[in-house]
Amino acid sequence: MMVTTRKKRSTTVSDAFNDDSTGKRAKRSGTSTKTTQAESVTIECDTTPMTSNDLHMHSRKLSEIRNWLSKPAPRGILSLIGPPGSGKSTAVRVLSHELKILTSEWLECDHEIEDDSFADFLHCRPSTRTGILLVRHLPQSTYNDLPKFHELLRSIPSSSSIIFCLPSTQSSWHLNPTRLFTPMICLDLGISQITTNPFATTFLTKAMKRVAGNNSDCRDAELTEIAKIADGDLRKALIILNLRLRFGKGNAYDKADSPISLFHAVGRIVYAKRAEKTSSSWKEAERLLNNERMRRPQPDFDVNLLVEESPYDSQKLISFVFEHSPRFTPMSSLHKVFDAISLSDSTLHVWNRRDVFDQYALQTVVRNSLFYNYQENAGESRCKYAFTNPLSDQLVKEMRKLVPENEVSMCWRKEYYTETVPMMSRMGILPPSMEYFSHNLGSFIWLKGLDQWKAQGSHQIVKTRVVEEEGHVEFDIVDTDDSDTDSF
Amino acid sequence: MADLKNSETIPWVEKYRPMLLNDIVGNEHTIERLKHFAKHGNVPNLIISGPPGCGKTTSIWALARELLGKHVKEACLELNASDDRGIDVVRNKIKTFAQTRVTLPAGRHKMIILDEADSMTEGAQQALRKTMEGYSKTTRFALACNQSDKIIEPLQSRCAIVRYMKLSDAEMLLRLQEVAAMENVQYDDEGLVAILFTAQGDMRQALNNLQCTVSGYGYVNAENVYKVCDEPHPSMMEDMFVNCVKGKVREASETIHLLYRLGYSPEDIINTMFRVCKVCDKIPELLKLEFLREIGICHVRIVEGLSTLVQLSGLVAKMCMMNEAS
């Protein structure tokens with residue numbers, strides 16, 4: 001990979017391209033800079049993937065990138081967007097090396113106040129016709145001035161080949177690359193788009209196995225455990241693996257870091273399990289309640305402990321409760337739980353004082369859910385339930401299958417599905433087919449009665465995630481294997 | 001009586017701040033991991049998340065001290081929220097530090113500690129990602145924050161995340177007793193319990209409250225602690241809630257009026273209300289959740305500026321009606 005460290009004006013970039021001799025600031029393609037490697041601290045350099053065989057990305061995504069790279073120049077613009085640690089940069093590096101394509105990366109210069117150097121960089125023409133420009137960091141000014149950036153994109157000559165390789169950031173809309181590369185802009189300028197997905201657990205495990213080598217004492221089960229904690233992020237997985245190899249199991253990671261405990265937290269809240277024995281002080285307090293039917297036995301766990309020690313963002317926890325509670329809460333009191341969630345969302349979500357009010361929001365939701373989900377003799381009616389990631393993820397996946405390649409359509413938005421989905425799951429049916437659903441968006445769901453729904457659904461394959469087993473009283477939380485994360 | 005001169009000059013929080021990882025109270029498992037880092041070097045970039053006062057910054061400094069030894073002065077940089085941490089600072093200050101040459105033993109790196117990293121602007125965090133990559137050979141970052149979710153994902157992906165829990169009452173008590181013994185503080189058990197209640201798992205606050213009580217009154221008992229910390233007494237609150245449950249609106253509002261007349265601000269009153277309500281075991285479950293909800297709504301109003309006695313009285317009246325309405 002060729003790297004240009006820019007200290008002065010744009011001349012440096014063009015120099016780097018024209019000057020084939022070994023400039024100090026420009027290295028020839030092939031001697032890779034191992035950016036990814038340097039980050040993962042001490043995993044030895046020779047474990048960096050050097051050939052595409054060593055890449056553990058989903059083969060379809062890999063070939064998508066390869067196809068774009070092996071197009072004859074000029075290739076135009078590619079926006080390669082995906083979560084951090086999903087192998088974007090590494091794939092580009094390895095593939096361009098294999099295809100003998102010269103890449104030139106934009107490295108932010110030190111002083112970029114009112115500087116056109118970024119524009120100059122994008123406008124410059126690689127001397128070898130096949131070379132590509134790679135942008136992994138955008139200058140800050142880009143995020144602040146979108147129209148200017150779009151103007152810049154428009155002005156890029158058609159003869160260029162540029163890859164924008166940017167991490168998607170869920171937590172920050174300001175930095176979100178989808179804000180920069182909107183569907184309209186991409187359609188307008190003919191920008192190709194490839195989105196990488198988080199690594200599936202199986203792929204992560206495979207990649208780690210290669211890095212750990214045969215002589216380590218790391219068992220497969222342990223690698224899977226690490227993969228689960230890393231949650232699809234290979235870079236993170238390697239950091240943890242590295243610690244594991246150096247310090248042994250107990251010192252590398254905590255089981256509490258694993259996302260499964262989020263499911264456990266949600267499980268506790270929605271199952272509303274009560275203790276076998278109710279303490280006398282609890283009974284005494286309950287006796288003060290006038291309405292006898294509303295008295296409850298003591299819960300199985302300490303609510304305050306759960307709320308205060310939850311390492312998760314309260315909004316996230318609440319959104320999980322929101323999505324799963326229709327399955328647990330009796331229909332008659334579902335509105336109470338939703339009421340609490342709605343309140344916590346609207347009133348108790350005071351952004352600038354969230355340290356205080358997050359506690360209120362969580363307390364309200366958890367306690368309401370706990371109280372109203374309680375059913376006497378719940379044992380018989382409660383079934384085994386497999387917790388999933390929010391249902392919307394699944395739907396978005398199915399939905400994408402239906403979208404023809406490269407077709408940009410504004411109505412394929414997650415929000416349409418997430419708003420209706422929780423109620424649909426209560427009915428125990430999913431739409432007959434996603435295609436039907438999306439063509440009749442909006443009108444379809446609510447204008448029809450449940451009867452018609454059922455008639456519609458009965459001759460279709462009805463998919464429910466509830467595994468009912470008669471007489472199975474104990475609750476059991478199974479996290480679904482996300483090994484198909486990458487398989488669509 | 002404590003040595004007044006001493007207790008007035010140095011805050012006990014600083015005086016008794018543990019210097020070694022071994023001395024840090026609580027979170028044994030996590031500290032154990034940090035000890036391994038200290039022993040073997042080659043620390044990854046770290047994100048340390050946990051509630052305030054659980055020893056995040058203290059343990060990073062202890063780690064840095066054990067890692068860097070005598071070089072710690074020149075090889076460690078701390079920036080906290082009070083420093084200006086815009087993009088330019090990340091660019092310049094951090095870069096300058098990252099570029100300076102310090103001779104360190106193999107496997108040791110310069111360290112940059114960013115306290116309260118979740119309050120950095122997103123742009124600055126983004127710029128940090130670049131710096132982190134660029135200087136990974138010489139410099140390690142340790143980001144302390146209250147919630148790791150508030151750090152942008154690209155940074156999370158590049159760091160090992162270490163989580164801290166709130167200190168348990170037992171762990172806090174242990175340390176408080178140690179400090180009290182070293183300072184010759186006279187106390188009774190009720191007093192220490194009161195300090196634990198006011199601190200809510202925050203070691204920093206616990207020590208501050210202890211020191212304040214000592215320098216103010218000399219003797220640490222519950223009454224003095226609540227006087228110094230200027231918080232309504234929790235037992236008064238508990239009585240008020242019992243009255244609310246029984247629907248005795250007159251008695252319940254009397255408590256609120258009294259507290260208000262004593263000069264407590266409505267925000268103090270409502271804060272204590274929330275804290276007492278969630279742990280009080282004399283409220284039936286249904287009423288407790290309704291109470292918490294109403295307290296929350298009222299608290300929002302107070303924060304928005306409507307901090308009047310009318311709001312508090314309204315809240316109490318509402319709570320008194322709830323048992324009837326159930």
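B:G263 is exposed, with a relative accessible area of 56%, and the cut-off for that label is over 50%. The model in which this residue sits is a predicted one. B:G263 lies in a loop of chain B, between helix 14 (249-261) and helix 15 (266-279). Another residue of the chain, B:P232, is 31 residues away from B:G263 in sequence. In space, the C-alpha atoms of B:G263 and B:P232 are 9.9 Å apart.

**Chain B as a whole**

Chain B contains 17 helices and 7 strands. It has 326 residues, and 58% of them count as buried. B:G263, being exposed, does not belong to that buried share. The accessible surface of chain B is about 13,400 Å², and carbon and sulfur atoms account for 51% of that surface. Contacts in chain B can also be sorted by separation along the sequence. Taking those between residues at least 6 apart in sequence, 74% join residues that are at least 24 apart.

**Two helix pairs**

Two packed helices are described by the angle between their axes and the distance between the axes.

| Helix pair | Axes come within | Crossing angle |
|---|---|---|
| Helix 17 (residues 314-328) and helix 19 (residues 354-372) of chain A | 10 Å | roughly 20° |
| Helix 11 (residues 203-217) and helix 12 (residues 222-229) of chain B | 9 Å | roughly 105° |

The pair in chain B crosses at roughly 105°, so helix 11 of chain B is roughly perpendicular to helix 12 of chain B. On the side of helix 11 of chain B, the contact is made by B:N209, B:C212, B:T213 and B:Y217. Helix 12 of chain B contributes B:N224, B:V225, B:K227, B:V228 and B:C229. Sorted by class, this contact has 5 nonpolar, 3 polar and 1 charged residues.

In chain A, the angle between helix 17 and helix 19 is roughly 20°. Angles under 35 degrees count as roughly parallel, and therefore helix 17 of chain A and helix 19 of chain A are roughly parallel to each other. The crossing of helix 17 of chain A past helix 19 of chain A is left-handed. From helix 17 of chain A, the residues that meet the partner helix are A:S314, A:Q315, A:L317, A:I318 and A:V321. Their counterparts in helix 19 of chain A are A:D358, A:A361, A:L362, A:V365 and A:S369. By class, the contact between helix 17 and helix 19 of chain A has 6 nonpolar, 3 polar and 1 charged residues.

Conventions:
Residues are numbered from 1 along each chain as its sequence is written. Chains are lettered from A and ligands numbered from 1 in the order in which they are written. This is a predicted model: local features need pLDDT of at least 70, side-chain atom pairs count only at pLDDT 80 or more; totals for chains, interfaces and linings use all residues. Side-chain values use heavy atoms; hydrogens and water are left out. Helices (H or I, at least four residues) and strands (E, at least two) are DSSP runs, numbered from the N terminus. Buried means under 20% relative accessible area, exposed over 50%, partly exposed in between (1.4 Å probe, protein chains only). Axes are lines fitted to C-alpha atoms, for helices over the stretch in contact, and angles run from 0 to 180 degrees between N-to-C directions. Angles under 35 degrees count as roughly parallel, over 145 as roughly antiparallel, 65 to 115 as roughly perpendicular and the rest as oblique. A crossing is left-handed if the near helix is turned anticlockwise from the far one by less than a right angle, and right-handed if clockwise. Contact means heavy atoms within 4.5 Å. Ala, Val, Leu, Ile, Met, Phe, Trp, Tyr, Cys and Pro count as nonpolar, Asp, Glu, Lys and Arg as charged, and the others, Gly among them, as polar. Accessible areas come from the Shrake-Rupley method with a 1.4 Å probe; for residues, only the protein chains shown count as cover.
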